[in-house]
Amino acid sequence: MRAMVLDAAGAPLRAAELPEPEPGPGQVLLRVRACGVCRTDLHIVDGELTQPKLPLVPGHQVVGEVLDGGERFAPGSRVGVPWLGWTCGECRFCLSGRENLCDRARFTGYDLDGGYAELAVVDERFCFPVPEGYADDQAAPLLCAGLIGYRALRLAGDAETIGLYGFGASAHIVCQVAVAQGRRVFAGTRAGDEETQAFARSLGAAWAGDASVGPAEELDAVIVFAPAGELVPASLRQVRKGGAVVCAGIHMSDIPAFPYELLWGERVVRSVANLTREDGEEFLAIAPTIPVRTEVETFGLEDANAALARLRSGALRGAAVLVL
Ligand SMILES: [Zn+2]
Ligand SMILES: [Zn+2]
């Protein structure tokens, strides 16, 4: 099969021919139709996440067709594969509804080969049926940008005014969910990024502007999607007493020191880690009812490096997706 392979951090992905993977017990063999490109992939390729399996086939927003294996899905079924690829089922986190924090979790496209390939072998228990009505490329970003974004929104509580800072793949989906829930969305971008600000307004944001400054009014919560630590104290300045700043990315630059006064008043800073299968099922049931529309820019498998470069540059509108 054709695949794009990471041999070492910092090196471009290599186009390779790999042997066809074979499903073991409880696994399904998928023909990959589309695979979303996530900022996490960039953190892996750039070496900011330091423990990937090597060599590695990245990609954890996989839409595929079941070819063989397992018992849960009939051949020909369309399934989605998320970041959470395996959990132990017996640690204290797994046993308390927090499998996203499993001590021994294995992640797709990090510990396990992912979807930057023609074929993939995955644990059937961690696959989701993909909602009908979404083309393969449109569905792919729902599987990480969508469902981890949705988890972040849930952890932001009942905020009526909510900032989404770093308006990329995840925020463009979460914005639609938040607006449908009757919240007012404030989209924070890099200073002067008028194109992204206009995009956010077109999705229902009440305000769009420079994230480091924020809107004139106080916010109930901010979700920080951008991997920029300086946005944490900047966001704390913008939330009301009792408000929350939720960091949704897996990696962030260091957070600069800030006066305790910014945290005082029972303001909360927290991160969001990974997903549970429950998050995925809940979000994939809600997405078509809104309906969430994804804005995608598509690339061929061999153009994965170009897709990553475009994500790195900040020039993408919505999400990048490899289409096979
Ligand atoms: Zn566990
Ligand atoms: Zn992701």
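**Salt bridges and their surroundings**

Author: Searching the whole structure gives 17 salt bridges. Keep in mind that this is a predicted model.

Start with Asp-7 and Arg-14. They form a salt bridge, and their closest N and O atoms lie 2.7 Å apart. How accessible is Arg-14? Its relative accessible area is 38%, so Arg-14 counts as partly exposed. Asp-7 has a value of 36% and is therefore partly exposed too.

Next comes Arg-33 with Glu-65. Their side chains meet in a salt bridge, at 3.5 Å from N to O. This pair links distant parts of the chain. Arg-33 belongs to strand 3, residues 27-37, and Glu-65 to strand 4, residues 62-68. The two are 32 residues apart. Glu-65 has a relative accessible area of 22%, so it is partly exposed.

Now Asp-46 and Arg-312. This salt bridge brings the closest N and O atoms to 2.7 Å. Where do the partners lie? Asp-46 is in the loop between helix 1 and strand 4, whereas Arg-312 is in helix 8. The pair therefore ties together parts that are 266 residues apart in sequence. Asp-46 is partly exposed, because its relative accessible area is 33%. Arg-312 is partly exposed as well, at 41%. Shared partners also build a network of salt bridges: Arg-33, Glu-65, Arg-78 and Asp-136 are joined in it.

The peptide bond joining Leu-54 to Pro-55 is cis, with omega about -10°. Pro-291 sits in the loop between helix 7 (277-286) and strand 16 (296-300). As a general point, most peptide bonds are trans.

Which residues coordinate the zinc ion (ligand 2)? The donors are Cys-38 (SG), His-60 (NE2) and Cys-144 (SG), at 2.0 to 2.2 Å. Their spacing along the chain is C-x21-H-x83-C. Cys-38 is in the loop between strand 3 and helix 1, and His-60 is in the loop between helix 1 and strand 4. These two are 22 residues apart, a link between distant parts of the chain. Both Cys-38 and His-60 are buried. Water is not among the atoms, so a metal site may look incomplete.

The zinc ion (ligand 1) has four cysteine donors: Cys-88 (SG), Cys-91 (SG), Cys-94 (SG) and Cys-102 (SG), at 2.3 to 2.4 Å. In sequence the donor residues follow C-x2-C-x2-C-x7-C. Why is the arrangement tetrahedral? The donor atoms subtend angles of 102 to 117° at the zinc ion (ligand 1). The criterion asks that all angles lie between 85 and 135 degrees. For reference, the ideal angle for four tetrahedral donors is 109.5 degrees. Cys-88 has a relative accessible area of 13% and is therefore buried. Cys-94 is buried too, at 16%.

Helix 1 and helix 8 come up again in the largest pocket. The pocket holds about 960 Å³ of space. It is lined by 43 residues, and those closest to its centre are Arg-39, Gly-166, Phe-225, Ala-226 and Pro-227. Several elements supply at least two lining residues each, including helix 1 (39-45), helix 3 (145-155) and helix 8 (304-313). Helix 1 gives the largest share, three residues. By type, the lining splits into 21 nonpolar, 16 polar and six charged residues.

Last, two backbone points. Glu-266 has a positive phi of about 60°, though it is not a glycine. It lies in the loop between strand 14 (239-247) and strand 15 (268-271). With 69% relative accessibility, Glu-266 is exposed. Asn-274 likewise has a positive phi, near 60°. Its place is the loop between strand 15 and helix 7. Is Asn-274 buried or exposed? Its relative accessible area is 14%, so Asn-274 is buried.

Definitions and conventions. Residues are numbered from 1 along each chain as its sequence is written. Chains are lettered from A and ligands numbered from 1 in the order in which they are written. This is a predicted model: local features need pLDDT of at least 70, side-chain atom pairs count only at pLDDT 80 or more; totals for chains, interfaces and linings use all residues. Side-chain values use heavy atoms; hydrogens and water are left out. On a 1 Å grid over the protein atoms alone, a cavity is a set of points where a 1.4 Å probe fits but cannot get out, and a pocket is an open set with protein on both sides within 12 Å along at least five of seven lines; lining residues have an atom within 4 Å of a point. Grid points are joined across faces, edges and corners, and a volume is the space filled by probe spheres set on the points. Helices (H or I, at least four residues) and strands (E, at least two) are DSSP runs, numbered from the N terminus. Ala, Val, Leu, Ile, Met, Phe, Trp, Tyr, Cys and Pro count as nonpolar, Asp, Glu, Lys and Arg as charged, and the others, Gly among them, as polar. Donors are N, O and S atoms within 2.8 Å of the metal (3.2 Å for Na, K and Ca); water is not among the atoms, so sites may look incomplete. Four donors count as tetrahedral if all angles lie between 85 and 135 degrees; four count as square planar and six as octahedral if opposite donors are over 155 degrees apart and all others between 65 and 115; anything else is irregular. Buried means under 20% relative accessible area, exposed over 50%, partly exposed in between (1.4 Å probe, protein chains only). A salt bridge is a side-chain nitrogen of Lys or Arg within 4 Å of a carboxyl oxygen of Asp or Glu.
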